[in-house]
Every structure is written in C-alpha cells, then in structure tokens.
Amino acid sequence: MPELPEVETTLRGLAPHLIGQTVSDVSIRTPQLRWAIPPQLPGLLRQQTIRALHRRAKYLLIEFDHGTLILHLGMSGSLRLLPIGTAALPHEHFDLILDNGTLMRLRDPRRFGAVLWHSGDAMNHPLLAKLGVEPLEENFTGPYLFQATRMRNAAIKLIIMDHHIVVGIGNIYANEALFHAGIRPEMMASKLSKPRSARLVQTLRETLISAITQGGSSLRDYVGSDGNAGYFQQNYYVYDRAGEPCRTCNTAIKQITQGQRSSFYCAVCQK
DNA sequence: ACATCTACCTGGAGGC
DNA sequence: TGCCTCCAGGTAGATG
C-alpha cells in the first residue's frame with residue numbers, strides 16, 4: 001500500500017525518465033477510478049512536454065506548460081515504464097505514452113487511485129488546497145504539532161493521520177512512529193507535552209526517511225520490470241504484529257481499533 | 001469547527 | 001476444491 005515513502009520513491013524513479021519527454025498519446029482503459037479520468041486528457045496532453053515532477057502529500061504531480069496531471073495511487077496503485085506496445089494486463093487502467101518509445105502505465109487493482117487534470121497552479125486544486133504541512137519539510141516542528149493539538153479532543157494517532165494537520169501519514173507509519181516515540185496511540189492529543197510533541201515529530205520524520213532510503217535501495221528498475229516496482233516490505237516494530245513479542249521488551253504487541261482502523265502498540269514501551 | 005461514520009473496490013485469508 | 005465472509009487500506013463527503 002503506497003504511503004508517502006512509496007510515492008516519493010516512485011517519483012524519484014520516474015522523474016529522470018519523464019522530464020523533458022513529450023506525450024504522443026494517452027490511453028484510458030478504465031474511465032472511472034475514484035473519480036472519472038477526464039476524457040479530454042488525450043487532447044490536452046498530445047504533443048505536450050513534461051516539465052517537472054512533484055509530490056504533494058501522496059499526490060504525484062506531472063507538470064506541463066498549461067497544467068498538471070494529478071495522480072494518486074490510492075492503496076494499490078503503482079506506476080511503471082514499459083516499451084510501447086506492451087499488452088495491458090487486468091487492472092492496468094491508464095497509459096501516458098511518450099514519443100521516446102516508452103509509456104508510463106498505471107495499475108491499480110482496487111481502483112482507489114485517481115487521474116485528474118488541473119490547468120494552472122495545481123496547489124489550487126480543491127484536493128490540494130487545504131492540505132496541512134509536509135512531514136519532511138521544515139515547517140513540521142514540535143511547536144507546530146503541539147499548537148495544532150491543544151484544542152483537539154481526539155487520540156494522537158488520529159491527529160497525525162489528519163491531513164489538514166500533516167499529510168502523508170498512513171496507518172503503517174502512524175503506528176511505527178508512535179512506537180518509536182514511546183506514545184500510546186489512544187493518548188489524547190491535547191495532553192501531549194511539548195517534549196513529547198517534538199519527539200513525535202522527530203520519529204515521524206525518521207520513520208519516513210528510513211523507509212524512503214530502504215525503498216530506494218531495494219527498488220527494482222522502473223523500466224520494464226515486474227509489477228513489484230515501487231513497493232517494499234519493512235521490518236515493522238508494531239504494525240501487523242498483534243500478539244508477537246515487542247522487539248525492545250518482548251511484551252506481546254496489542255491491537256485495538258481507532259477510527260475503524262487497527263492500531264498496534266506495546267503497552268510497556270508506549271505510555 | 002470538530003468528531004465520527006460511510007462508501008468506494010478487490011485480493012487474500014480464514015472458516016466451513 | 002469451492003464457496004462464503006471478512007478484512008485491509010486512503011480519503012472525500014455526509015452526518016452528527
């Protein structure tokens with residue numbers, strides 16, 4: 001499931017192959033993912049040159065002179081570069097065909113992803129305009145998190161997954177970062193002290209950066225490789241380890257439900 | 001404004 | 001083996 005590190009790794013893998021290339025055509029095999037893929041995309045993109053790639057939260061932005069192609073991988077999406085003419089398999093919904101003989105193909109079995117177009121500044125798109133800070137940028141600080149949680153009557157795990165506050169933190173890394181910070185996921189956000197806020201910001205950063213580093217080194221080639229490109233399995237400390245021993249103290253990891261999602265924690269290491 | 005719930009979709013796991 | 005049910009996930013949008 002692509003969280004921020006997977007999206008960032010995908011971006012880094014694709015960028016050198018896409019920037020400066022010109023689109024010769026667009027192929028839409030599935031008209032509707034989370035939202036409809038704009039049917040006018042082929043006309044909009046033919047003969048247009050890719051100028052830059054960016055990431056905002058978990059959105060991948062492919063920038064042209066007259067607008068931006070906005071991609072979201074949902075929870076099962078992946079992007080690969082393949083030679084033109086490669087037959088599409090099931091769940092391969094969308095191709096951006098380049099005039100250098102390759103195409104960028106979107107595969108997304110669960111179809112929670114999105115392909116959208118925005119003319120003008122993508123940051124003004126309704127999906128992007130109200131997003132919170134990037135966890136890896138300098139404005140995500142201990143004081144910022146402390147201030148943002150003062151009036152919030154909700155568990156800290158739900159707060160760090162709220163993209164109005166900080167973007168890109170999914171269930172896996174929320175659980176992992178809370179473990180490394182020694183904070184229980186159910187802790188009321190408004191009761192988090194300043195030092196613990198700072199610590200959590202630090203462990204969120206470290207957890208994400210570590211995943212990006214591992215992903216980058218374990219990643220297979222984006223060009224013509226198998227379907228696993230873009231994903232990487234880590235050695236989690238708590239996520240999906242209910243009943244297994246804590247790697248620090250051997251206590252059995254607990255599982256609870258918060259906001260209809262599973263949380264995992266060590267009752268000894270996290271207070 | 002904030003908290004909580006629902007819906008979307010499909011592959012995989014587990015039960016029978 | 002086959003069928004059934006349940007679960008996972010991100011996040012917009014509805015509801016309280």
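A residue is called buried when its relative accessible area is under 20%, exposed when over 50%, and partly exposed in between (1.4 Å probe, protein chains only). By this criterion Asn171 is buried, because its relative accessible area is 16%. The structure is a predicted model, in which local features need pLDDT of at least 70 and side-chain atom pairs count only at pLDDT 80 or more, while totals for chains, interfaces and linings use all residues. Side-chain values use heavy atoms, with hydrogens and water left out, residues are numbered from 1 along each chain as its sequence is written, and chains are lettered from A and ligands numbered from 1 in the order in which they are written.

**Asn171 and helix H6**

Asn171 is found in helix H6; helices (H or I, at least four residues) and strands (E, at least two) are DSSP runs, numbered from the N terminus. Helix H6 spans residues 171-181 and is mostly covered, with 10 of its 11 residues buried. Among the buried residues of H6 are Ile172, Tyr173, Leu178 and Phe179. Just after H6, Gly182 takes a positive phi of about 70°.

With neighbours within four places in sequence left aside, Asn171 is in contact (heavy atoms within 4.5 Å) with Glu3, Lys157, Met161, Tyr239, Arg261 and Ser262. A polar contact is a pair of N or O atoms within 3.5 Å; within protein, one must be able to donate a hydrogen and the other to accept it, and residues adjacent in sequence count only if both atoms are side-chain atoms. The side chain of Asn171 makes such a contact with the side chain of Lys157, at 2.5 Å. A polar atom of the Asn171 side chain also lies 3.1 Å from the backbone oxygen of Ser262.

A residue is near a molecule or strand if one of its heavy atoms lies within 4 Å of it. Of the 17 residues around DNA strand C, those that come nearest are His72, Met75, Arg110, Tyr239 and Arg261. Sugar or phosphate accounts for 57% of the atoms of DNA strand C within 4 Å of the protein, and the rest belong to bases.

| Residue | Distance from side-chain N or O atom to phosphate oxygen of DNA strand C |
|---|---|
| Tyr59 | 3.0 Å |
| Tyr239 | 2.2 Å |
| Ser262 | 3.0 Å |

**Aromatic pairs**

Rings of Phe, Tyr and Trp (its six-membered ring) pair if their centres lie within 6.5 Å; planes under 30 degrees apart count as stacked, over 60 as edge-to-face and the rest as tilted. By this rule the count comes to 5 aromatic pairs. One of them joins Phe140 and Tyr144 in an edge-to-face arrangement, with 6.3 Å centre to centre and 70° between the planes. Phe140 counts as buried because its relative accessibility is 0%, whereas Tyr144 is partly exposed at 23%. The pair of Tyr239 and Phe264 is also edge-to-face, because the ring centres are 5.6 Å apart and the planes stand at 75°. This pair links distant parts of the chain, 25 residues apart: Tyr239 lies in the loop between helix H7 (194-218) and strand S9 (254-258), and Phe264 lies in strand S10 (residues 261-265). Tyr239 is buried, with a relative accessible area of 17%, and Phe264 is buried, with 4%. Together with Tyr236, Tyr239 and Phe264 form one aromatic cluster.

Arg150 lies over the face of Phe146, at 3.7 Å from the ring centre; a charge sits over a ring if NZ of Lys or CZ of Arg is within 6 Å of the ring centre and within 35 degrees of the ring normal.

Two strands pair if DSSP finds at least two bridges between them. Strand S5 (residues 78-83) pairs with strand S7 (residues 102-107) in the antiparallel sense over 6 bridges, and Arg80 has Arg105 in S7 as its bridge partner. Strand S6 (residues 92-98) pairs with S7 in the antiparallel sense over 5 bridges, with Leu96 opposite Met104 in S7. The hairpin of S6 and S7 has 3 residues between the strands, and Gly101 there takes a positive phi near 95°.

Ser24, in strand S1 (residues 23-28), is 77 residues from Gly101 in sequence and 9.5 Å from Gly101 in space, C-alpha to C-alpha. Ser24 is partly exposed, with a relative accessible area of 26%. Beyond neighbours within four places in sequence, Ser24 is in contact with Arg46, Gln47, Ile97, Leu98 and Asp99.
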